[in-house]
Amino acid sequence: MLSLSAVTVVPAVADVGADDRVAVADARPAWAVASAARGHADSGTRLNARVYLAGRDPRGLNAFVASVSDPKSRAYRHFLTPAQYRARFGPTDAQTTAVRSWLESAGLTVTGSNQHYVSVRGSVAQAEKAFGTTIDDYPDATAKGAIHYAPAGRVTVPASISSAVLGVTGLDNGSHRTRPLVANDGAVRNSATQRDDTLPGPPSAVLRAGPCSAYYGQNPAKDKPPTYGRTGVWTNCGYTPQQFRSAYRLSNDLTGAGQTVAIVDAYASPTIESDISTFTKNHGVANLKPGQFTQSLPSAWNSVSECGGNSWYVEESIDVTAVHDIAPDAKIAYVAAASCNVEDEQEALSRIVDNKLATIVTNSWNRDEESHTSQAERDAFEQIFKQGAAEGIGFYFSSGDCGADDPNTGCPVYTDGPYTEFPPSDPYVTAVGGTSLAVGSDGRQLWQTGWNNVASNLTPDGTAWTPEPGTGYPSTYLSGAGGGTSVLYPQPSYQANVVPESLSKTLPNGKPLTSPMRVVPDVAADADNNTGILAGSTQHFPDGTDRYHETRWGGTSLAAPLFAGIQAVTQQVIGAPFGFANPAIYAQHGTAAFDDVTDTPGGPNLLLGVVRNDYTNPSDPNSPLITRAQTFGHNGLTHATTGYDNVTGLGSPGAKYFTAYGSRP
């Protein structure tokens with residue numbers, strides 16, 4: 001039986017004060033440090049908060065999720081419908097009514113409620129009275145030191161309703177935005193006068209400079225200096241659907257038929273269906289059939305400018321293309337969040353579990369685990385993940401594109417880390433890391449490395465690389481699969497005896513931990529932009545026109561939907577959904593279900609990589625070129641090694657993956 005104590009984050013012990021109040025999940029973000037307080041927040045400032053509901057049987061829910069997800073349990077895959085979940089684990093009407101009545105008696109205005117939360121509006125002074133804590137001003141390191149308000153202490157609620165309350169969010173005005181994980185070389189084009197409730201036009205064009213290779217090694221870089229003692233090869237043009245299906249060993253009958261994959265991003269590309277239709281026509285694959293692609297959209301958009309509105313169109317294009325490439329017969333449900341704000345992303349995820357829109361959910365967005373999130377916010381997400389697990393819905397998240405939050409990548413890192421990203425670090429989701437994938441002329445997989453890239457520039461005279469390819473970390477580090485050790489979540493039972501203590505009890509920078517913790521990722525798929533996907537979308541060109549264009553993309557933004565497609569195919573073979581897949585996946589550790597990926601598949605002294613040209617302005621093909629040698633599986637704070645590692649997890653799906661979990665009865 002799956003061990004609950006190892007899978008579930010143990011909540012803080014309830015503190016009953018002299019006024020008979022009980023502390024709930026901590027609502028303080030990491031930047032709200034007492035020593036940095038700048039005084040009391042303006043008492044008249046208005047805020048909107050959510051009081052999340054714990055449900056009628058939190059302990060029973062934990063036990064049920066453990067049993068229904070455990071391949072050794074008699075309850076394995078005996079999932080609930082959404083209605084059965086609400087009746088068994090959702091809040092009772094009496095609980096919701098009691099919470100609403102208390103909030104109103106405290107002077108707050110209730111603005112809405114559902115099975116997940118009660119929303120309220122009021123002043124800082126009213127919130128302080130209701131939640132038993134002062135609200136102070138602090139410098140917010142995640143916003144370049146801007147002054148934001150946040151609770152100064154633990155949020156408390158009356159003991160009489162404490163069992164009904166999971167936590168409270170909305171008591172600080174710091175950043176609560178997620179970010180798409182598409183490779184950081186896309187240009188966003190939002191109008192300076194863009195309304196925050198109106199979607200913008202297409203993003204600026206992203207153009208890839210040539211030469212490139214149709215498959216790995218197809219186009220040698222004969223006119224450039226050697227790399228690793230031999231002639232280099234030009235980077236790939238972008239893998240096609242046929243190349244991906246062949247590389248992942250998919251036979252013609254493995255198509256994901258009968259499965260539905262949900263994709264969650266912010267906003268919605270107005271041209272997604274026509275773009276996918278053009279792409280499939282261009283590459284000789286089946287277009288989406290009528291009803292195969294559906295969209296669940298919110299009633300209105302918000303925060304478009306601050307979220308980089310149309311940058312999410314690119315993410316959506318990659319996600320839809322990747323799932324359809326791998327699982328061409330699977331249905332795709334695009335579930336759009338109203339913005340990149342956490343509460344809107346939660347709303348989108350809740351629509352999926354409340355209506356069981358899919359059994360596989362791929363998410364290519366995240367945020368820093370510690371500096372951005374409070375326990376209350378994380379617990380609200382986890383409640384959704386547990387509901388999904390109870391209903392047979394699995395959540396798959398990109399692990400990130402910055403290694404172990406390595407500042408040398410240029411990613412926005414706000415802590416003294418290294419740390420992992422959230423939600424990938426949550427024990428109830430499957431975190432998907434990244435590889436660099438070489439596909440040969442016959443479509444077969446040649447090798448994979450862990451995705452970590454360092455770059456060397458061509459010297460001005462064109463005769464050498466500087467520094468020597470494969471050296472120069474940290475200054476030469478470009479990007480890599482998110483991974484590392486959580487500082488918040490204890491080791492789940494499925495990672496015990498699989499993840500070595502050198503990872504579970506040590507941060508990537510060598511700092512020791514007192515007890516084993518959750519390590520990310522769990523699995524991996526292709527993520528390197530140099531070996532990335534070819535995807536088409538409508539883009540805005542410098543001449544002022546908007547037109548369809550095909551571009552190579554990468555990042556764990558690619559890895560997560562690729563793996564989601566692989567899960568759809570596997571569920572087709574099984575004839576049943578995985579639900580929360582990690583216990584079943586980890587049971588395959590060390591078997592032929594996974595290809596064990598290392599940084600040096602050709603041997604410890606054989607480095608691999610490509611030569612690549614990039615425009616200094618990715619939207620302008622007349623801008624100067626930068627020529628670099630990019631080395632695969634190298635440097636960074638994380639490393640792909642034999643066995644489980646913090647770049648690729650258990651590895652990449654192998655030849656036996658699709659049949660490792662049984663077959664149709």
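Modeller: Before we start, buried means under 20% relative accessible area, exposed means over 50%, and partly exposed is in between, with a 1.4 Å probe and protein chains only.

Biologist: Fine. Where does the model come from, and what do you count?

Modeller: This is a predicted model, where local features need pLDDT of at least 70 and side-chain atom pairs count only at pLDDT 80 or more, while totals for chains, interfaces and linings use all residues. Residues are numbered from 1 along each chain as its sequence is written, and side-chain values use heavy atoms, with hydrogens and water left out.

Biologist: Let's take helix H7. Which of its residues are buried?

Modeller: In H7, residues 272-282, they are Ile272, Asp275, Ile276, Phe279 and Thr280. Helices here are DSSP runs of H or I with at least four residues, strands are runs of E with at least two, and both are numbered from the N terminus.

Biologist: Why are they on the same side of H7?

Modeller: They cover an arc of only 130° around the axis, so they share a side of H7. The arc is that of the directions from the helix axis to the C-beta atoms. As background, an α-helix has 3.6 residues a turn, so residues three or four places apart point the same way.

Biologist: What do those buried residues pack against?

Modeller: Against H6, E11, H8, strand E25 (533-540) and strand E26 (546-553). Contact here means heavy atoms within 4.5 Å.

Biologist: And what follows H7?

Modeller: Glycine 284, with a positive phi near 65°.

Biologist: Switching to cysteines. How many disulfides are there?

Modeller: Two, counting a pair of cysteine sulfur atoms within 2.5 Å as a disulfide. One joins cysteine 212 to cysteine 237, with S to S at 2.1 Å. Its torsion about the S-S bond is about 95°, so that disulfide is right-handed.

Biologist: Where do cysteine 212 and cysteine 237 lie?

Modeller: Both cysteine 212 and cysteine 237 are in the loop between strand E9 (179-180) and helix H6 (241-247), so the pair ties together parts that are 25 residues apart in sequence. Cysteine 212 is partly exposed at 28% relative accessible area, and cysteine 237 is partly exposed at 27%.

Biologist: What about cysteine 307 and cysteine 340, right-handed or left-handed?

Modeller: Left-handed, with -80° about the S-S bond. Cysteine 307 sits in the loop between strand E11 (293-296) and helix H8 (311-326), and cysteine 340 in the loop between strand E12 (331-337) and helix H9 (342-355), 33 residues apart. Their sulfur atoms are 2.1 Å apart, and both cysteine 307 and cysteine 340 are buried.

Biologist: Now sheets. What's the order in the open sheet of four strands?

Modeller: E3-E4-E2-E8, with antiparallel pairing. Strand E3 (109-113) and strand E8 (165-169) are the edge strands, each pairing on one side only. Twist averages 25° from one strand to the next. Two strands pair if DSSP finds at least two bridges between them.

Biologist: How many bridges join E2 to E8?

Modeller: Four, between E8 and strand E2 (residues 46-53), which run antiparallel. Leucine 53 stands opposite valine 165 in E8.

Biologist: Which helix packs on that sheet and touches E3?

Modeller: Helix H4 (residues 93-105), which touches E2, E3, strand E4 (117-123) and E8, and whose direction makes about 155° with that of E3. Helix H5 (residues 124-131) lies across E2, E4 and E8, running at about 130° to E4. Axes are lines fitted to C-alpha atoms, for helices over the stretch in contact, and angles run from 0 to 180 degrees between N-to-C directions.

Biologist: Last topic, aromatics. How many pairs does the structure hold?

Modeller: There are 27 aromatic pairs. Rings of Phe, Tyr and Trp (its six-membered ring) pair if their centres lie within 6.5 Å; planes under 30 degrees apart count as stacked, over 60 as edge-to-face and the rest as tilted. Take tryptophan 365 and phenylalanine 381: their ring centres are 6.3 Å apart and their planes at 45°, so the pair is tilted.

Biologist: Are tryptophan 365 and phenylalanine 381 buried or exposed?

Modeller: Both are buried. Tryptophan 365 is in strand E14 and phenylalanine 381 in helix H10 (residues 375-391), 16 residues apart. Both belong to one aromatic cluster, along with Phe385, Phe395, Phe397, Phe422 and Tyr489.
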